[in-house]
Amino acid sequence: MGGIDRRDFLKVIGIGGATAVLAGCSSQKPENVIPYLVPPENPHLGLSLWYATTCRECPAGCGLLVRTQDGRALKVEGNPSHPVNQGRICARGQSSVQGLYNPDRIRQPLRRKGDGLFEPIDWVQAEKIVAERLAALLEKETSSRVACITPLLTGTLDRLFDAWLAGLGSKLRYSYEAFSYEPLRAANRLTFDQDAIPDYDLSQAQMILSFGCDFLETWVSPVSFSAQYARMRTFRNGTMGTFVHVGPRLSMTGANADEWIPAKPGADLYVALGMVREILAQGSSPLPAAEREMIARLAAPYDPKTVESRSEVPPATLKRLARQFAKARPGLALGGAVASSGRNATPTQVAINLVNYVTGNVGRTVHFGSSSSLGRLSTYQDMLGLVERMNRGEIEVLFLYQVNPLFTLPESAGFREAIKKVPMVVSLSSFPDETTAQAHVVLPDHSPLESWGDFSPRQGVHGLIQPVMKPLFDTKAAGDTLLSVARHVGGKLVQALPQESFYEALRGDWKKIYRASASAEDFETFWENALRAGGVWSEPKKRGVRLSSQIARVDFSEPSFDGDDPAALALTLYPSINHFDGRGANRPWLQEIPDPVIQAAWDNWVEIHPETAKKLGITSGDLVEVKSSHGRIELPVYLYEWIRRDTVAIPIGQGHEEFGRYAKGRGANPIRLLGPKAEGGSGGLPWLSVKVTMKNTGKRYLLTPVAGSNTQYGRPISLAVSLSDLLKEEHPESEAHPSMYAPHPHPKHRWGMTIDLNACTGCSSCVAACYAENNLGIVGKEEMMRGRETSWIRLERFMEGRSPENPDFRFSPMLCQHCDSAPCEPVCPVYATYHTTEGLNAQIYNRCVGTRYCANNCPYKVRRFNWFTYQWPEPLNLQLNPDVTVREKGVMEKCTFCVQRIRRVEIKAQVEGRAVRDGEIQPACAQACPTEAIVFGDLNDAGSDVSKRARDPRRYRALEEINTHPAITYLKRIRVDSEEG
C-alpha cells in the first residue's frame, strides 16, 4: 500500500466513488458525508445499547429501558424488572423521546430584555445574575423570601432543593402537581389516622367498584393498575372479576365496565353511604360490634329512598350493588380521581373507605405501608398561600422547576397577576410554557434522558435515572445549576452544599441506601448492579389499620356548585389520557393519537348529551361559548350519549398559549372555568364545583374524525360473548369456506398474533409504540381530516350498548391481518406486496408505484398511502429508527409485524445455533401493551403461547366469512350482565 493505512485507503475510495455520487444529489459538502462512509473504529457503532432509567412523564415513576445506537436514544420500552410497570409502558412514556428531541426545547440560558423579549446568554452570565440577587438578599437578611416550586421529587434532587433553600434561610418550598389527590390523603387521615395514599391491589379483587375513578387512564399509576385489572378480568376456572362504574360520565375506564350507574354529579357520597347501610343491614360485615354500631349510626340516614332522591340511583340498583359487593371476597372500591373531586371530595372518599372497611377489604386489596409518594405533595391551598405572599410583596425571588402553574391553576386563583409582582423569576424548565414565559432568567434543564437522578414513586422502590446520551443543547442539570449558583454566592450557601457535582451528591445518597440494604457486595458493585437493573426495590412491611374516632366528626354534606342559572349544567373536567395535565401537549405523537373514546385528535371539545343539545339548539361541530361565574372559553361540541343530561364534560390538557408549535393555540383550557376556593376538608382543588351555561356562537369548528362509525352495523369485527354463554360446554367451530387460492406453504415459521379484547382497555399504548418503532410520519390535523394519517395500528371503538346499565363499549386494535389469502397481493401490478414463506404480507417500498390497488382491495383498510414526504423538524429527525426504512411520498405502507425485530432474533438464534424461543420476538405493540392483550409467536409451533390462545373457545377472526385466513386471531370480549355479576 506504500504507507497508506486502511482508513486512508477507505477515504480515498469513498471520495472517488460513493461520495461523488452522494455529492451529486445533495447540497452537503462531501466532507460531511465521509464520516458516514468511513465510520470511526468503535466496536459499538451500529449496535444497540440499552440503558435502564426511570420515566418522568408523570409521577407514576415507571421503569424504562432506553435503546440507543450511535450515541442517540431511539426507543423506550418498559423495564421488565421494575415492580411498578413490569416491562409495560403507556403512550406518554413512549413519547419521552419526543421530549428529548423536541424542536421547541430551550437550547441555552436566556435573559429577558427591557422590551420583554428573551436574549441568549452564556451560563456564567446567567448564573451570576441570579447569584448576585441572592447574595444581595443574604446581605440584607431577606433571603428567607426566596421561594421554589418543583414537581413531585424524591431522592437526591428533592433533598438538594431543600438544602439549597435552607442555606438561604428559606422554608418556602412547594412540591406541586396539578393532580395531587389531596382528598385521598385527608380521608385516610380521618378514617384510619394515616396521612397517605395507600397501595391498591386490583388483581386480587373479585369486584371493582369505581366512583368516577379513571384508574386505567391517569390516576396514580395507570400502567400498574392496567396490568392488575387485566389479571382481575382473566377468565379462569369458570369465573372472572366484574367491574361497575358509578358517575355522571362514561370515561375510557368506565367504558371497560360491565355496568354503568349514572349517578348525579357529586352524589357518589350518598351511593357509598347507602351501600354501607345496606351491607350492614344484610349482616355481611366482619367488623367488631363497636365499630359496626358507630358506622351504622353514620350511615343510618341514607336509606335507599333518600339515596335515590339525592343521586337518582334506584333503590333496587343500590341494594343489588351492595349485595354483590359484599359477596365479592375480596372487592375493591376506588375513588378520589380528578373528575369526581368536588367540594365534598373528602367526605366522599371517607364513605368509599367505609365501603372497603365494612367488607374487610382493607388489608386485602387496600394496603398501608407501601404508600405513594404523591402523599408528600403540597396542597392546592398551599399554592393559594404562595399567591397571597406574592401579592403582598413577600417573595423576592421565585424559582420554577419543570412546573407550569399558570396553566394548571384556575385563572381566578390570581397566579398570573401575582407573579408579575415578584422582582425576579427564575425558570429551570426545558420548554417555553406559559409560566416560563414570565421568567426574567431561564436556566434550562437537561431532559430526563440526559440526566442523572433518582425517583421513588412509592415506599420500597428506589429507581435510578441515568443519562442515555450526551446533552443535545447547551443545557445543564438542575442539580448542577443549584450547586454552581451556590458557588457563585459563596458563604453559608456553599457551605450547605459542599458537593462538586450533582453526580457526586447522588452517589453519596446511594451509599446510604447501600448501607441500609446490608448488601454483601462492595459499593461499586452495588452501584453498577443498580444502574443495570434501573434501581433497587424491596417489599415494605404492610401495616394494619383500625377505624379512627375522628370519623364521627365528618360532615357528609351535599356538594355545592358555583352558578345559580337554572339552565346551567354541571361541569366535569377529566385529565386527557394523552396530555395528562397539559405537559404532554407538545409531543406530536400524543397529539396525533386520537382520544380512545371520542376518537378525535389535535383538539379538545365539550361533551353533551344529544337530548340536552337539542333543547339548546346545538348540533355536533357547533362552536359554543362555555361560561361559568369565573371565566369563559369556546369549544366545539361533541354529542355523547354516555353522559348525563344535566352534565357536560371537557378534557384537560389543551388550550396552551405557549409551549411550542405542537401545543400552542389548540383548543381551550377548561381550568379557566373553575373557582379559586379550595375544598375545606383537604385543601385540594375542587374540580367538580361549577355549573356552566352554553351558548351557540353561530360558528362551526370541525373536530378531526377518525372513527368510521360508532357501531359495527352487524359486521363481525369486534365480537363479544356473555359469561353465561361462555360457560356452556359447546363451542361450535366456524364454518370453513372453500378458497379459490392454494394455501401458502410455511415450512419453518408462520408468524401470527392473538389479541384478547377482554384485556384490551383502549389505552393506545400500542399505537404510540408503533409510531416510535416504525418511523411513522406525523401529518397534522388538516391531513388527518382528509383521512391521511399514517398509523399502522388503530384502535377501533364501537358503542354497541343502548342502555346505561349495559355500556358494551368495544376496543379493537386493527392492523394488517397478514392474511394467508390476502386480497391485496394479486392486484398489485408491480408485485410490491407479496406473501413470505413465514406468513408475512410483505411490502417492497422501492417497488411500489402508488397505484393504491392494494388499499382498495383490503377489507380491513389498514394500508396507508404517503401523500407527501413527511418531515421531522430538527432534531426530531434523530428519533428515527435506523433499522426501518423512512418512506417517501407515493408509497403504500402498513404493519410488518415489526419484521426488523423478527429478523434480528432469527439471526441471533442462527448464530447461536438454536431455534427461536417462544416469546423471544415481540413486536413493538405487544411489548408495550400494559395488559398483555397482544401476544405474538409462531403458529406452526402447537405449544407456543400464540397457538394456545388461537385455540381458545373465544377465538374468531375479523370478517372471517370473506375467507382471507388472517394470521391474527381475536378473543371475544366477555360481557357480564348485572345479574350475573
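Author: Strands are DSSP runs of at least two residues, marked E and numbered from the N terminus. On that basis, His818 is placed in the loop between strand E29 (809-814) and strand E30 (833-835). Please note that this is a predicted model.

Reader: What is said of the phi of Cys898, and why is Cys898 classed as it is by relative accessibility?

Author: Cys898 also has a phi near 50°, positive although the residue is not glycine. Cys898 is found in the loop between E33 and helix H29 (899-911). Its relative accessibility is 6%, and the cut-off for buried is under 20%, so Cys898 counts as buried.

Reader: How do you know that the span of helix H7 agrees with its number of residues?

Author: The expected span is 1.5 Å times one less than the number of residues. For the 13 residues of H7 (residues 155-167) that gives 18 Å, and the end C-alpha atoms are 18 Å apart, so the two agree. Among the buried residues of H7 are Leu157, Leu160, Phe161 and Trp164. H7 is followed by Gly169, whose phi is positive, near 80°.

Reader: What makes H7 and H19 roughly parallel?

Author: Angles under 35 degrees count as roughly parallel. H7 and helix H19 (residues 478-489) pack at about 25°, with axes 10 Å apart, and the two are therefore roughly parallel to each other. Their crossing is left-handed. Leu157, Leu160, Phe161 and Trp164 in H7 meet Gly479, Leu482, Leu483, Val485 and Ala486 in H19. By class, that contact has 8 nonpolar, 1 polar and no charged residues.

Reader: How do you know the relative direction of H11 and H15?

Author: The axes of helix H11 (residues 268-281) and helix H15 (residues 345-358) come within 8 Å and cross at roughly 25°. The limit for roughly parallel is under 35 degrees, so H11 is roughly parallel to H15. The crossing of H11 and H15 is left-handed. Residues of H11 in this contact include Leu269, Ala272 and Val276, and those of H15 include Ala351, Ile352 and Val355. The contact divides into 13 nonpolar, 1 polar and 1 charged residues.

Reader: Why are H13 and H14 described as roughly perpendicular?

Author: The range for roughly perpendicular is 65 to 115 degrees. Helix H13 (residues 304-311) and helix H14 (residues 315-327) cross at roughly 115°, their axes coming within 9 Å, and they are therefore roughly perpendicular to each other. The crossing of H13 and H14 is right-handed. Pro304, Lys305, Val307 and Glu308 in H13 meet Pro315, Leu318 and Lys319 in H14. That contact has 4 nonpolar, no polar and 3 charged residues.

Reader: Which residues does a cis peptide bond join, and where is Pro330 placed?

Author: A cis peptide bond joins Arg329 and Pro330, with omega about 0°. Pro330 is in the loop between H14 and strand E12 (331-334). The peptide bond from Glu874 to Pro875 is cis as well, with omega near 0°. Pro875 is in the loop between strand E32 (864-865) and strand E33 (892-893).

Conventions:
Residues are numbered from 1 along each chain as its sequence is written. This is a predicted model: local features need pLDDT of at least 70, side-chain atom pairs count only at pLDDT 80 or more; totals for chains, interfaces and linings use all residues. Side-chain values use heavy atoms; hydrogens and water are left out. Axes are lines fitted to C-alpha atoms, for helices over the stretch in contact, and angles run from 0 to 180 degrees between N-to-C directions. Helices (H or I, at least four residues) and strands (E, at least two) are DSSP runs, numbered from the N terminus. Angles under 35 degrees count as roughly parallel, over 145 as roughly antiparallel, 65 to 115 as roughly perpendicular and the rest as oblique. A crossing is left-handed if the near helix is turned anticlockwise from the far one by less than a right angle, and right-handed if clockwise. Contact means heavy atoms within 4.5 Å. Ala, Val, Leu, Ile, Met, Phe, Trp, Tyr, Cys and Pro count as nonpolar, Asp, Glu, Lys and Arg as charged, and the others, Gly among them, as polar. Buried means under 20% relative accessible area, exposed over 50%, partly exposed in between (1.4 Å probe, protein chains only).
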